[in-house]
Amino acid sequence: MKFPDKVKINGIIYDIVQEDPKDGHLVKVRNWGEVNFQECKIYINKNIETQRKWQILFHEVLHTIECDNEMDSTESYIQTISSNFYGFLKDNNLLKD
Ligand SMILES: [Zn+2]
C-alpha cells in the first residue's frame, strides 16, 4: 500500500510532509513525527523505514483525534494504542505492503 500524502481526519484534510529532521520541524531527538494543527500538516521523518512511518502516522492521527475531542490521553497511551493497532492491521493482512 502506498504511503499516503494526505489523510482526512474528522473532516479536515492533513498534508503528510516527509522531511529530513534537519530541515526544520523534527529537530528533537527521536521526534519521528509531529502534527501541526494550525497548518493541518503531519510531519514524518523521511529517513525511517516505511513500516515505522505507518506506525508514526497512526500515532499522529491518534493525537489529532485526541485533540479534536479534547481527550486527556498520555503520550504513553497514544504510543501503546497506535503501535498495537498497527500490529493488528499488519498481522491480519489488513494493511498490505
Ligand atoms: Zn506523540
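**Helix and sheet geometry**

Trainee: What is the angle at which helix 1 runs to strand 3?

Mentor: The model is predicted, so local features need pLDDT of at least 70 and side-chain atom pairs count only at pLDDT 80 or more, whereas totals for chains, interfaces and linings use all residues. Residues are numbered from 1 along each chain as its sequence is written. Helices (H or I, at least four residues) and strands (E, at least two) are DSSP runs numbered from the N terminus, and residues are in contact if their C-beta atoms, placed from the backbone, lie within 7 Å. Helix 1 lies across strand 1, strand 3 and strand 4, and its angle to strand 3 (from 0 to 180 degrees between N-to-C directions, with axes fitted to C-alpha atoms, for helices over the stretch in contact) is about 35 degrees.

Trainee: Which term describes the orientation of helix 1 and helix 2 to each other?

Mentor: Helix 1 (residues 50-68) and helix 2 (residues 75-91) pack at about 130 degrees, with their axes 8 Å apart. Angles under 35 degrees count as roughly parallel, over 145 as roughly antiparallel, 65 to 115 as roughly perpendicular and the rest as oblique. The two helices are therefore oblique.

Trainee: Which strands stand at the edges of the sheet?

Mentor: Four strands form an open sheet of mixed pairing in the order 1-2-4-3, where pairing requires at least two DSSP bridges. Each edge strand has a single partner strand, so one side is left without a neighbour in the sheet; these are strand 1 (6-9) and strand 3 (33-36).

Trainee: Which residue in strand 4 is the bridge partner of Glu-34?

Mentor: Strand 3 and strand 4 (residues 41-45) run antiparallel and are joined by four bridges. The bridge partner of Glu-34 in strand 4 is Tyr-43.

Notes. Contact = placed C-beta atoms within 7 Å.
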